[in-house]
Amino acid sequence: MNYIFYFLVVFSIIIGAINGRLQDVINAVMSGAELSVKIVISLIGIMAFWLGIMRVAEKSGLIKFISRLLRPITKVLFNELPFDSPAVGDIAMNFTANAFGLANAATPFGVRAMEEMQAVNDKKDTASNSMCLFLGMNTAGFQLIPTTVLAVLVAIGYKNPTEIIAPTLLVTLIAFVSAVLMAKLAQYLAGRSKVNDKTP
Amino acid sequence: MTKLLNLISLWALPVILLTVLTCGIVKKVPVYEEFTQGAKRGVKVSFKILPYLIAIIVGISMLRASGAIEMFAQFLAPILTKFNIPSDTLPLMIVRSLSGSGAMGVFSDIANAAGPDAYSTKLAAVMLGSSETTFYVLAVYFGAVGIKKFRYALVIGLLADFIGIVAAISVCNLMFA
């Protein structure tokens, strides 16, 4: 991440200078910082609300219940999480919210899942295998109906916008499954190199 | 089918709220106190994310302002035409993983320029709807728990995006071309 951040800044300045757009790059610093604050401000309310609701769900045993229900699937996918981990329930809630296009609710659920996974993580500054798999699932962006895209298509006068739903679903499914498979493969490879490290 | 899914989308949140609060009351959970305790953490988490978000969003805003994406697109354009891919969708492929609002803007540009029923518009719609802003997702979730070393998460996120692009091109080619 250090190199990516460094690369983004230095590369942008150099390319901006070459293209004679240095002023735009400088302006982008200000507008980017402002945009980040705007995003967080708009996040606070919805994050607080859903984390409040989720805390009630946790105290009433609902999250544990969902976690147990999904145990057969998650035992295979998130095999490094302890049995009965509440993270599983949060992951399920996050996945469901994403699938129905409720991005605002999905983020707080996901944050809770990350916190639960962080609690059982050995190295607190380094992502665990479970976290990488979870984020792989999230960046693939599985969604049943692409609501925002449909809204734009309707707005520009697209005749039959629903025809893009099926191909979109198929594509997102392919990306989702490959993200899960790649994460499991990476976990396997990482585990193997760790074993090799220990043998002298 | 679509109507049913829309109905589920509409009812998903109300059902969650009803279930959670009713279960809480039945199990004698002090719902108001626990809710506010949880909400308090939500405020803290939001601010915890901010520094990570600033780093990523400022970096990517600078990159987009520098014109590097257009240069990259020009460089790749000849390869795309070889595979029969409309080159006006190229900026979207590059921006998609970097910036959510950026991708939305590029998509609107494509749709308005190519017209509502053009192949480019369909391809762009499928690409946009089938993926997430990888950098944003990583910054928010890792930022929330203070993870600094992402390990293979970024590589997998970007690879999955790439597979998504290839899949979108293939599927649209079969369905719409």
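B:Asn84 is exposed, because 10 other C-beta atoms lie within 10 Å. B:Asn84 is found in the loop between α3 (68–82) and α4 of chain B, where its phi is near 65 degrees, a positive value in a residue other than glycine. Helices here are DSSP runs of H or I with at least four residues, strands are runs of E with at least two, and both are numbered from the N terminus.

The model is predicted, so to speak of local features a pLDDT of at least 70 is needed, and side-chain atom pairs count only at pLDDT 80 or more, while totals for chains, interfaces and linings use all residues. Residues are numbered from 1 along each chain as its sequence is written, and chains are lettered from A and ligands numbered from 1 in the order in which they are written.

B:Arg151, found in the loop between α7 (134–145) and α8 (153–175) of chain B, has a positive phi of about 50 degrees although it is not a glycine. With 17 C-beta neighbours inside 10 Å, B:Arg151 counts as partly exposed. B:Ser99 sits in the loop between α4 (90–95) and α5 (100–114) of chain B. Is B:Ser99 buried or exposed? It counts as buried, because it has 22 C-beta neighbours inside 10 Å. Leaving aside residues up to four places away in sequence, B:Ser99 touches B:Ile60, B:Arg64 and B:Thr133; two residues are in contact if their C-beta atoms, placed from the backbone, lie within 7 Å. The C-alpha atoms of B:Ser99 and B:Ile57 are separated by 7.8 Å, although these residues are 42 residues apart along the chain.

Chain B as a whole has eight helices and zero strands. Its radius of gyration is 21 Å, whereas a compact globule of 177 residues would have one near 16 Å; this radius is taken over C-alpha atoms, and the globule rule is 2.2 Å times the number of residues to the power 0.38. Along the principal axes, the C-alpha atoms of chain B fill a box of roughly 65 × 40 × 30 Å. Buried residues make up 52% of the 177 residues in chain B. Of the contacts in chain B with a separation of 6 or more, 62% are between residues 24 or more positions apart.

Just after α7(B), B:Gly146 takes a positive phi of about 70 degrees.

In chain A, α7(A) is mostly covered, with eleven of its eleven residues buried. A:Met131, A:Cys132 and A:Leu135 are among these buried residues. All three are also among the residues touched by B:Ala153, not counting residues up to four places away in sequence. Just after α7(A), A:Gly141 takes a positive phi of about 65 degrees.

The contact between the chains takes 86 residues from chain A and 84 residues from chain B. On the side of chain A that touches chain B, α2(A) gives the most, with 26 residues.

The largest nonpolar core has 119 residues, and those with the most contacts inside it include A:Cys132, B:Leu138 and B:Ala153. Such a core is a set of buried Ala, Val, Leu, Ile, Met, Phe, Trp, Tyr and Cys residues joined through C-beta atoms within 7 Å. Helix α2 (residues 31–66) of chain B gives the most to this core, with 16 residues.

Technical notes
Buried ≥ 20, exposed ≤ 12 C-beta atoms within 10 Å, placed from the backbone.
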